[in-house]
Structure formats: structure tokens, C-alpha cells
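Please read the points alongside the sequence and the coordinates.

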Amino acid sequence: MKLKPDWDRLERDFKGSPVSLIGSVDCTNKESEQLCARFDVQGYPFFMWGRDGNLQIHEEGGNSYHQMKTWADENLGGSCGPGEQLPYCSDADKKSYQAYSQKSTAELEDKIQRIENVYESELKTLRMVASWKKYNEDNAGPSTSSGNPRQEL
């Protein structure tokens, strides 16, 4: 299991939280050497948490998204979300959560599926156009409107 996608998701969950910050530092990056040395980072993953500048190493819980999210909610304060997490949201996010909360589970799942279908279709088109443009740029030759390079006989 890779940690990075789950950690990135956790960072997004807490983005804009008035009470908590989830972040990451790449200690292989030269610009981070001082910070990593200051906190005696010895390896990856290395978790720290604290309040008012009093940081300590986090060694409990687990590394799955669910385990990290549960621990963070219990120890760092909540993140924006529906139900009891609503007070941590911006006004715009509150409005969205409240509107979606009025819909049935089937309606929400249908909307998710429609958005995923549009996204996948759009992504396929974008990839095809990008490949076509790259091919034309790399070959720097004239092309027809269909995108096929003209062949000289």
C-alpha cells in the first residue's frame, strides 16, 4: 500500500481548517535539510503532531487513510465534512454539503457516476488532442485538418 495518495487525501480534507494543519516535507529535498535536521527526521514515513509549537512524534494508529483520518479527527480537531463536521467548513462548502444532504443515496450515487463518466470522456479527449499536438510539434511538418501528417510521394 502506498502512503502518498492517502496522505494527500488527508491534506485535502484538512485544507482550510481553522484548527488543524496537515502537511508534508520532502526530506530528500536540499531546501528541507535544515527543517528535517531540526526535528531529527530519520526516515519515511515520519509523523509529528502537536499544539502551540510543542511537537512530538506520532507512533500510534496506522498508515491507511481511514486510520490516519480517525486519529487526526480525534486529536487535531475536525475537518470540513457533512454532519458534525459542518462547523469546520467555509460558507460555500456548508451550502454544498447541506444541498447534497437533502438528496437520497441513489441520487448522489447517480450524480457521482454521471460526473465520473463526463470526466473520463473529457480526459480521453484531452489526452488524444495533447498527443496529436505533441506529434505535430515534434515533427514540425504541415498537417491536414484531420491531424494526419501529409505524406510526400
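The structure holds zero aromatic pairs, where rings of Phe, Tyr and Trp (its six-membered ring) pair if their centres lie within 6.5 Å, with planes under 30 degrees apart counted as stacked, over 60 as edge-to-face and the rest as tilted. This is a predicted model, in which local features need pLDDT of at least 70 and side-chain atom pairs count only at pLDDT 80 or more, while totals for chains, interfaces and linings use all residues. Residues are numbered from 1 along each chain as its sequence is written, and side-chain values use heavy atoms, with hydrogens and water left out.

**Overall architecture**

- Five helices and two strands make up the assigned elements of the protein chain; helices (H or I, at least four residues) and strands (E, at least two) are DSSP runs, numbered from the N terminus.
- Along the sequence, these elements follow the pattern α-α-β-β-α-α-α.
- The protein chain has 153 residues, of which 20% count as buried; buried means under 20% relative accessible area, exposed over 50%, and partly exposed in between (1.4 Å probe, protein chains only).
- Carbon and sulfur atoms contribute 51% of the accessible surface of the protein chain, which comes to about 12,400 Å²; the areas come from the Shrake-Rupley method with a 1.4 Å probe, and for residues only the protein chains shown count as cover.
- Among contacts in the protein chain with a separation of 6 or more, 38% are between residues 24 or more positions apart, a contact being heavy atoms within 4.5 Å.

**Charge over a ring**

- Arg-9 lies over the face of Tyr-65, at 3.6 Å from the ring centre; the criterion is NZ of Lys or CZ of Arg within 6 Å of the ring centre and within 35 degrees of the ring normal.

**Disulfide**

- The structure holds one disulfide, defined as a pair of cysteine sulfur atoms within 2.5 Å.
- This link joins Cys-27 to Cys-36, with an S to S distance of 1.9 Å.
- The link of Cys-27 and Cys-36 is left-handed, with -90 degrees about the S-S bond.
- Cys-27 is partly exposed at a relative accessible area of 31%, whereas Cys-36 is buried at 8%.

**Backbone with positive phi**

- Most residues other than glycine have a negative phi.
- Asp-40 is not a glycine, yet has a positive phi of about 55 degrees.
- The loop between helix H2 (33–38) and strand E1 (47–51) contains Asp-40, which counts as partly exposed at 48% relative accessibility.

**Helix H5**

- Helix H5 covers residues 105–139, and its 35 residues should span 51 Å at 1.5 Å a residue; the expected span is 1.5 Å times one less than the number of residues.
- The end C-alpha atoms of H5 are 51 Å apart, which agrees with that expectation.

- Asp-73 belongs to helix H3 (residues 65–76) and is partly exposed at 25% relative accessibility.
- A C-alpha separation of 9.5 Å is found between Asp-73 and Gln-85, twelve residues apart along the chain.
- Asp-93 belongs to helix H4 (residues 91–101) and is partly exposed at 36% relative accessibility.
- The C-alpha atoms of Asp-93 and Pro-82 are separated by 9.4 Å, with the two residues eleven apart along the chain.
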